[in-house]
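Here is a short briefing on one protein chain. Look at the model first, then read the points below.

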Amino acid sequence: MPLTTVCRTLNAEISAAEHRATAQARSVKGLLAAGEINGSAEQALYLELDRLALLRTQLWAIEEMRSRPRAA
């Protein structure tokens, strides 16, 4: 698979993960505001944030590979 395609795919996955993390953060914030601390909701948020960090790291690594000259 070409690196450009991989980057596009990762960008789409990152966007989806950002939306999920935002929704989960709103949910956790609402639960905390209501005094209903929910460990599973917080855990789901942190798992999504971890996934987002890994996706961004993969994208940065691939973009770095793309920017380097190829060996002849």
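Two residues are in contact when heavy atoms of theirs lie within 4.5 Å. With that in mind, the helix α1 is part of what covers the buried residues of α2. The model is predicted. The chain has two helices and zero strands. Its radius of gyration is 17 Å, well over the 11 Å that the globule rule gives for 72 residues, so the chain is more spread out than a compact globule.

**Overall shape and surface**

- Along the principal axes, the C-alpha atoms fill a box of roughly 60 × 15 × 15 Å.
- Of the 72 residues, 19% count as buried.
- The chain exposes about 5,400 Å². Carbon and sulfur atoms supply 58% of that area.
- There are 9 positive and 8 negative side chains. The centres of these two sets lie 9 Å apart.
- Take the contacts with a separation of 6 or more: 78% of them come from residues 24 or more positions apart.

**Helix α1**

- Helix α1 covers residues 3-33, which is 31 residues.
- At 1.5 Å a residue, α1 should span 45 Å. Its end C-alpha atoms are 44 Å apart, which agrees.
- Which residues of α1 are buried? They are Val6, Cys7, Leu10, Ile14, Ala17, Ala21 and Val28.
- The cover over these buried residues of α1 includes α2, residues 39-67.

**Glu13, a residue of α1**

- Glu13 is found in helix α1.
- Is Glu13 buried or partly exposed? Its relative accessible area is 30%, so Glu13 is partly exposed. Partly exposed is the class between buried, under 20%, and exposed, over 50%.
- Leaving aside neighbours within four places in sequence, Glu13 is in contact with Arg51 and Leu55.
- Glu13 and Arg51 are 38 residues apart along the chain. Their C-alpha atoms are separated by 9.8 Å.

**Helix α2**

- Helix α2 has 29 residues.
- At 1.5 Å a residue, α2 should span 42 Å. Its end C-alpha atoms are 42 Å apart, which agrees.
- The buried residues of α2 are Ala41, Leu45, Glu48, Leu52, Leu55, Leu59 and Ile62.
- Leu55, in this buried set, is also one of the contacts of Glu13.

**Leu52 and Ser67, two residues of α2**

- Leu52 sits in helix α2.
- Why does Leu52 count as buried? Its relative accessibility is 7%, and buried means under 20%.
- Which residues does Leu52 touch, not counting those up to four places away in sequence? They are Ile14, Ala17 and Glu18.
- Ile14 and Ala17 are among the buried residues of α1.
- Leu52 and Leu10 are 42 residues apart along the chain. Their C-alpha atoms are separated by 10 Å.
- Ser67 also lies in helix α2. At 53% relative accessibility, Ser67 counts as exposed.
- Ser67 and Leu52 are 15 residues apart in sequence. From C-alpha to C-alpha, they are 23 Å apart in space.

Notes
Residues are numbered from 1 along each chain as its sequence is written. This is a predicted model: local features need pLDDT of at least 70, side-chain atom pairs count only at pLDDT 80 or more; totals for chains, interfaces and linings use all residues. Side-chain values use heavy atoms; hydrogens and water are left out. Helices (H or I, at least four residues) and strands (E, at least two) are DSSP runs, numbered from the N terminus. The radius of gyration is taken over C-alpha atoms; the globule rule is 2.2 Å times the number of residues to the power 0.38. Buried means under 20% relative accessible area, exposed over 50%, partly exposed in between (1.4 Å probe, protein chains only). Accessible areas come from the Shrake-Rupley method with a 1.4 Å probe; for residues, only the protein chains shown count as cover. Lys and Arg count as positive and Asp and Glu as negative; His and the chain ends are not counted. The place of a charge is taken as NZ of Lys, CZ of Arg, CG of Asp or CD of Glu. The expected span of a helix is 1.5 Å times one less than its number of residues.
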